[in-house]
Amino acid sequence: MSDAADELIDYHCHLDLYPDFEAQYRHVTAERITTLAVTTTPQAWPKNLELAAKSPSVRVALGMHPQLVGQQANETALFARYLPETRYVGEVGLDAGPKFYRTYEQQKVVFESVIRLCAEAGGKILSVHAVRSVRDVLELVERHLAGTSNRVVLHWYSGTAAEARRAAELGCYFSINRMMLAKADAVLVKSLPRQRILTETDGPFTQIDGRVAVPADVCSTVAALAECLALDVATTMGLLQRNLVRLESGKD
Ligand code: MN
């Protein structure tokens with residue numbers, strides 16, 4: 001058995017959206033890649049829960065993706081029904097980008113109900129999408145989750161450095177993918193508190209070397225992150241493992 005410090009972490013991946021999703025589940029299990037399998041609709045919950053039950057490496061998150069709000073009937077009741085079955089919530093959040101701005105007010109209603117349900121339940125870890133909406137997301141986090149045992153991981157963070165500082169003050173973590181380590185954005189990654197960093201792929205929505213990214217690709221993310229932070233790879237792996245343990249211990 002390998003040491004925990006050798007294990008990769010993909011803390012935001014849509015395993016169920018790969019055409020061969022069952023093989024993806026088997027792969028991360030065999031490779032012992034700690035994977036947060038986010039989902040986009042509560043309807044996907046039972047299938048993912050069943051697959052994740054067979055894998056010690058996969059945590060499955062109950063999701064309601066902001067980009068799908070408006071496309072489906074209100075699924076908040078279904079979300080509320082499944083929430084007691086999991087500690088992990090995602091993908092949830094807000095998207096004020098041009099393609100989804102039309103549903104933004106509706107997204108805010110949905111996301112606030114998600115946040116309220118988590119606040120009532122306690123002990124949840126949320127993987128949060130915040131495109132052009134970091135200020136609104138943080139406002140809701142501050143209003144409902146500050147001082148609770150819930151933890152927020154901002155996925156593919158794209159806000160300003162000042163908003164990142166505020167997020168960190170509110171206890172947020174950041175899951176970092178390869179795109180965020182491209183030159184221009186690496187400056188921001190460098191400025192994040194190191195004890196709040198995790199890695200992710202956001203597969204299959206991202207590409208690496210011209211093909212769809214898979215969880216094992218976090219290996220190259222760790223290498224790029226190590227370079228960005230001027231650390232060696234082993235030190236970076238250790239840092240990420242400690243961050244994961246701290247986040248999931250709920251003691252931070
Ligand atoms: Mn995603």
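Trainee: In what order do the strands of the open sheet stand, and is their pairing parallel or antiparallel?

Mentor: Strands of a sheet pair through backbone hydrogen bonds, either parallel or antiparallel. Please keep in mind that this is a predicted model, in which local features need pLDDT of at least 70 and side-chain atom pairs count only at pLDDT 80 or more, while totals for chains, interfaces and linings use all residues. Residues are numbered from 1 along each chain as its sequence is written, and side-chain values use heavy atoms, with hydrogens and water left out. Here the open sheet has five strands in the order S4-S5-S6-S7-S8, with parallel pairing; strands (E, at least two residues) and helices (H or I, at least four) are DSSP runs numbered from the N terminus, and two strands pair if DSSP finds at least two bridges between them. S4 and S8 (197–199) are the edge strands, each with a single partner, so one side of each has no neighbour in the sheet.

Trainee: How many bridges join S5 to S6?

Mentor: Five bridges join S5 to S6 (residues 151–155), and the two run parallel; Val 128, for instance, has Leu 154 in S6 as its bridge partner.

Trainee: Which strands does helix H4 lie across?

Mentor: Helix H4 (residues 104–121) lies across S4 and S5, and runs at about 150 degrees to S4; contact means heavy atoms within 4.5 Å, and angles run from 0 to 180 degrees between N-to-C directions of axes fitted to C-alpha atoms, for helices over the stretch in contact.

Trainee: Which residues coordinate the manganese ion?

Mentor: The manganese ion is coordinated by His 12 (NE2), His 14 (NE2), Glu 91 (OE) and Asp 202 (OD), at 2.2 to 2.3 Å. Donors are N, O and S atoms within 2.8 Å of the metal (3.2 Å for Na, K and Ca), and sites may look incomplete because water is not among the atoms. His 14, in the loop between S1 (9–13) and H1 (21–30), and Glu 91, in S4, are 77 residues apart.
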